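Student: I would like to go through some of the labels used for this structure. For each one, please set the value against the criterion.

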Amino acid sequence: MAFVKIKDEYKRYKMGETIVAANDGVTFDIEEGEFAVIVGPSGAGKTTVLNILGGMDTADEGLIEIDGIDISDFNDKQLIRYRRESIGFVFQSYNLVPNLTAKENVELASEISINALDPEKILQEVGLGHRMNNFPAQLSGGEQQRVAIARALAKQPKLLLCDEPTGALDYETGKQVLKLLKDTCENYGTTVIVITHNQAITPIADRTIEINNAKVRKVTLNPNPKSVAEIEW
Amino acid sequence: MKKKTLWKDIFREIAKSKMRFLSIFLIILLGVAFYSGIKATSPDMVDTADTHYKENNLMDVKVLSTYGLTNDDIELLKNVEGSFVEAVYTQDVILEGTDLVTKIVSTPNTDQPDINQPILVEGRLPENSGEIILDAKNAYTEEYSIGDIIMFKTNDDSINLDDSFTGLTYQVVGFANSPQFIENNARGNTSIGSGTLDGFAFIPQDDFNLDIYTEAYLTFSSLEDLQSYSDEYETAVKDKQTAVEEALSKRPEERREEIQQRIQDEIDKGQAELDDGRAEIEEGKQVLADAETQLANARAELDQGWQEYNNGVETFETEIANGQATIDQNTQELENSRIEIVNGKAALDTAQEELNNSKAALEQERISGETQIVNGTAALQSARETVTIPNETISAENQNALVNGAQAINPEISGVINGYLEGTVPVQSVLSAINEVEANVSSIDETEEAAISIQAWIEMARSVIQIPGMNVPLDQQVQVSEQLNTIEVELGELMTNYYDGVIPPTNTVEVLNTAETRLLSIRQQLDNYEAELNAGQEQIDQQRAELEAAEGQIAVGRAALEEAQNELNQQKENGEIELQQAEAELGQGEAEYQDAVEKFQSEKTEAEAEIVEAEAELAKGQRELDKAKAELDDVTLPEYYVLDRNTNPGYAEFKDNAERIASIAEIFPVFFFLIAALVSLTTMTRMVDEQRTQIGTLKALGYTNWDISKKFLVYATLASLTGAVIGLLLGFHLFPTVIINAYGSLYNLSSVQIGYYLEDVIVSLIIAFLCTGLTALVAVRVSLKSNAANLMRPKAPKVGKRILLERIPFIWNRFTFTQKITARNIFRYKRRMLMTVAGISGCTALLLTGFGLSDSISDVGTLQYGKINQYESIVALNTGATDYEKDEYTQLIENTSELESGLKVYQEIYNAEVDGVNPQDVTLFVPETTDNLDEFVSLTDRTSDEEYTLTNAGAVVSEKLADLFDLQAGDTLTLEDADNQEISVTVDHITENYLQHFVYLSPDYYESVVGEVPEANTHLLNFDESENWENGFGQQLTQLDAVVGVTFTSFISEAFKDTLESLVVVTIVLVVSAALLAFVVLYNLTNINVSERIRELSTIKVLGFYDKEVTMYVYRENFLLTLMGTAVGLLLGLLLHGFVLETAELDIMMFSPVVALSSYIYSALLTILFSTIVMIFMHVKLKNVDMLEALKTVE
């Protein structure tokens, strides 16, 4: 039984007179502990998939099963609870609360989680032990993204969802962040799903799902994923 | 160039941000509506009243005179330039059954201008004689309906209503208001009934039976176009008043002469009639006197006869009584003797009985005594027989041997032995002597021979000498002893001792003999006693004989007495017959006399009745004459009063009310507007910030700064100007209507006159534009200073910073995580924090001012009439009343037990004037005594509650007067009375007071300042009774000539309360408006807060914060700011309240500056309530925020 199972999922938007499908019968599975990459061009519908997986949006049709639980029929409150307990998000634009220090940003998540990790410890693990009391504005982009990852991990989520985590970062920093995500997957056994338009990242993934034009075009399993250091773009 | 797209963008922007557009629109609308509305209310009030006056042709001037107005007067008035005159008859009456004190006014029967005429409310005007139209106030409409018949009466003896009216019964044909009485309740005062007029009524002029008018109403053509209450009008009326006064200036003298002449004619005629009548009466009286003399003589004769008869009766009765007394005395004496005899006999019988008893006892005693003697003698005999003297029993031989032997031994023993033999020494003594001898034998140095002989003697002696008991057998001894014991125990013991040899025989015998003698003496005693008894018997017998002899004598005396009694009775009978004859003769004489008297009496009564009648008529004539004479003297110079509308109840007061609203309008709406401006300013600034990117884009596209600004300018102007226009319409209509209608319950006025005031319109539009359009323009200009590229980048969110609090770890470390976030967020947006606090505090301040105003206003009546003026009634005294009238008053006061206490006071109105301050009417208040002043008026310091007393050190001055004239203790205040006499008083203390100005002086101090002793002209009374009682008491008082008028505090207090309650509606309007503003302000500020932080909020939503947690994340700050704002607002409100009070206050009145605790609580709670409602709105809004949209990566 797959850990993440999406079957025949549809999401349609009304654009004036016409109806546009963002997801048009998307189906794929991801196993527990995998490092999965969803790749595709802009507007392909990959963010929609991620949002639906993360409980931020609901599908119009289809089955979405996470760890054996179908979330497709969840109401708002159930969805919030699902996000609170099971999901960690990392955004392209970090979305840290500017008025809170790095540590406090992590605390923001750990405060509401039942089995949260120690914020200080997790910040040390992402290599920010020395910058814990800095405000986001005092941190570089990579550091901010690492805070965001720490914040996502603090809740010990079942699923870590990352939307273009390296999009706003330069090459080196981007690689560092990717490595952090990959390490997390390996060390904690967290299932990580990364969305990117960057095909170059796919070699490090256990599973690559290609989405184009609202449909899954190809799912590739990679028995021997490369390390982050080995890839280039 | 049309730039159509730009305009499209503007309208799309409006459609897109409906809420923001609406909130600017609403805030401006509220601000403008409130500003213009409150501003317009005061002029609208004046306009409404003015229209009402004009429509109903209210008089400008009213003329009255103390002696009414004659046609001459009216003609003079008509000649005043531009005048229309209407003269009316009026008379105050009481309506039968309801006791409503009503002023009856005539309606004209000519086509003169219709001044002050009734405004029909129901029914029709009176057209025919006997029809009446009543006051439309509740007191009448509740009691009467059309068709009812009413009757007039009065309680004033000096008024005869028949003189005033042709008829006293009227049928109600309608109800009406009068332009003279715009106030719903007050109708002024009267000299009848309870002293207060309940209302008015109109009847046709022909139903009045008066030949002089009571009042004349005047209007002037030159005043028609002036607005009532305006300064122009007031000045013009003053001029007209002066003109009328001038026209009438000679009339008082003329009128007095007319009146005096008329009275003098009447007096002369009356005097002649009186004199004739007096002579006739004297004649009749003489005839009566003669008849009376004759009767008196007859009476004297009769009286003499009666005197003699009475003397005879008296003598006869005395003699009979004396005889009877003698007989009675003797009978009594006899009776006494008889009783004595009976008593003597009884005593004798008792003595006899006692004697018999004694005899019986003696007999008894004799028997037992004899037995005792016989037995005793026998026992003594037998005892004596057992006693022996030794020399009788011992043989002579032995006696000799004993004596001789003893002599040989020694003389001592020899004596003993001799005694023994003769029986004088007891045996035991002898034996012991012998033992002694024996014991001595060995010690005696004798020869043995001698010793032997002594021994032999001893032996012999012992054989001879025996103890007596040895010779008497023992059983005999016992028998003897027992027998003797029955006589005397000592005797038994004696014998035992004798037998034992202890007592010698001679002694024994002697004792026994003595005992026998004693026994035998008993017999002698008994004999003596018997002899005594016999002597007693003899005595008794003798007395008995004497008593029987006395009984015989009594019987003889009784017979003699009975005879005397019979004789006396006979004499009495004879005497009585003689007396009866004499009495009968006298009775006859008396009857004859009575007949004569009766005849005389009936004739006399008739005559006297005639005389009394005649005298009464004379007295009446005299009284009338006296009255007329007194009137002649009393015809003081008539006074003519030329009054303006201010004497109409409610007229001036309405203006005061309008002015009060005007004062509130000075400050309140400005403050209101200020808050509205502040908030729209913030909103516009925020809008510009949000549109930063677009500004940059447009700039990059090459649009000019003006083009870019235009969008915001149009947006803001459109919102604010539409808001302002609708606000103006709403304000001009709503506020005056609501407030004037609130006063409507107090005044009967025509419909509300709505005015549009250009000044307010312009001010409103300018401020509205400044707050929005100009702000937007400035904000855009500031943004436009940056270059396009910069602008297109999003404005970096505000950088997080450590706040000051974090440097105090002691506090910071105690905060929970959420508290830390809240604290930091508050300080993050300092400007918004200040705006929020300012906005909320402003609203709270407005609320508090509204509530506080209501507190202050409603306190005035309670404080003035509850705390300061503690008396229940004030009676105005007629200082010119006669002593008799004053006594009447004193009696009524003393006999009214409900009255608790009273204080007479001299009160006079003085004028106080100082440069730069309006002249003020001041009541000089001088109590007759200061002892119990505190029961009537409380003189206290408002803040320290220190109580003052009146001393000679100076005056106590009411607070408002002191404020106006800037007086402190020690200052001097100069007052001027109606005759321009100035007095100066030193201010000693300043006392709490809310209505009118008072200067309190002690009587001594008054005297030292004025030089006169104050004469009390008012009387303050304390009691605790119902309104009904007050009415009754008031009626009693007004009937007295010593009373000019009565006012009850309850009535003033009620009336005052009504006026002020209408101001409460104004405060409600203030509170509701402030509440609305508070709501919009909070909503707007919160909205801005949320939109500024939408990304942050979306983030925490994504993190899995529940909706409630998200709302609280923002709202915790808002709530804290609300609390801070509320606290600041309460302080601010207190200041604003003080300021508004100061402006709204009239010179004559002081509001209580105290704001009730509850008002603070309400204001705070309301603010918090709005904050909570806004939170609920925000909660819904945040719940629906599209977090995905917000989190979209900014490219």
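Tutor: A residue is buried if 20 or more other C-beta atoms lie within 10 Å of its own, exposed if 12 or fewer, and partly exposed in between. The model is predicted. By that count, helix α24 of chain B has one buried residue among its 13.

Student: What makes α24(B) hardly covered?

Tutor: The count of buried residues decides it: among the 13 residues of α24(B) that count is one.

Student: How do you know that the length of α24(B), residues 883-895, agrees with its number of residues?

Tutor: The expected span is 1.5 Å times one less than the number of residues. For the 13 residues of α24(B) this should be 18 Å, and the end C-alpha atoms are 18 Å apart, so the two agree.

Student: Why is α13(B) called roughly antiparallel to α14(B)?

Tutor: The axes of α13 (residues 474-487) and α14 (residues 489-500) of chain B cross at roughly 155° and come within 6 Å. Angles over 145 degrees count as roughly antiparallel, and therefore α13(B) is given that label relative to α14(B).

Student: Which residues make the contact of α13(B) with α14(B), and how do they divide by class?

Tutor: From α13(B) come B:Gln477, B:Val480, B:Ser481, B:Leu484, B:Asn485 and B:Ile487, which meet B:Val489, B:Leu491, B:Gly492, B:Met495, B:Thr496 and B:Tyr499 of α14(B).

Student: Which residues of α9(B) and α10(B) meet?

Tutor: B:Gln399, B:Leu402, B:Val403, B:Ala406, B:Gln407 and B:Ile409 of α9(B) meet B:Ile413, B:Ser414, B:Ile417, B:Asn418 and B:Leu421 of α10(B). The contact of α9(B) with α10(B) has seven nonpolar, four polar and no charged residues.

Student: Turning to chain A, why are β2 and β5 said to stand at the edges of their sheet?

Tutor: The sheet is open, with four strands in the order β2-β1-β4-β5 (chain A) and antiparallel pairing. β2 (18-30) and β5 (69-70) of chain A each have a single partner strand, so one side of each is left without a neighbour in the sheet.

Student: How do you know that β1 and β4 of chain A pair?

Tutor: Two strands pair if there are at least two bridges between them. Five bridges join β1 (residues 4-15) to β4 (residues 61-66) of chain A, and these strands run antiparallel. A:Ile66 in β4(A) is the bridge partner of A:Val4.

Student: In what sense do β6 and β7 of chain A pair?

Tutor: β6(A) and β7(A), the latter spanning residues 159-163, pair in the parallel sense over four bridges. In this pairing A:Gly88 stands opposite A:Leu160. Along β6(A), residues 87-90, A:Ile87 and A:Phe89 point one way and A:Gly88 and A:Val90 the other, and all are buried.

Student: Why is A:Gly40 called buried?

Tutor: The threshold is 20 or more, and A:Gly40 has 23 C-beta neighbours inside 10 Å, so it counts as buried. A:Gly40 is in the loop between β3 (35-39) and α1 (46-53) of chain A. Leaving out residues up to four places away in sequence, A:Gly40 touches A:Lys46, A:His197, A:Glu210, A:Ile211 and A:Asn212.

How values were computed. Residues are numbered from 1 along each chain as its sequence is written. Chains are lettered from A and ligands numbered from 1 in the order in which they are written. This is a predicted model: local features need pLDDT of at least 70, side-chain atom pairs count only at pLDDT 80 or more; totals for chains, interfaces and linings use all residues. Helices (H or I, at least four residues) and strands (E, at least two) are DSSP runs, numbered from the N terminus. Axes are lines fitted to C-alpha atoms, for helices over the stretch in contact, and angles run from 0 to 180 degrees between N-to-C directions. Angles under 35 degrees count as roughly parallel, over 145 as roughly antiparallel, 65 to 115 as roughly perpendicular and the rest as oblique. Two residues are in contact if their C-beta atoms, placed from the backbone, lie within 7 Å. Ala, Val, Leu, Ile, Met, Phe, Trp, Tyr, Cys and Pro count as nonpolar, Asp, Glu, Lys and Arg as charged, and the others, Gly among them, as polar.
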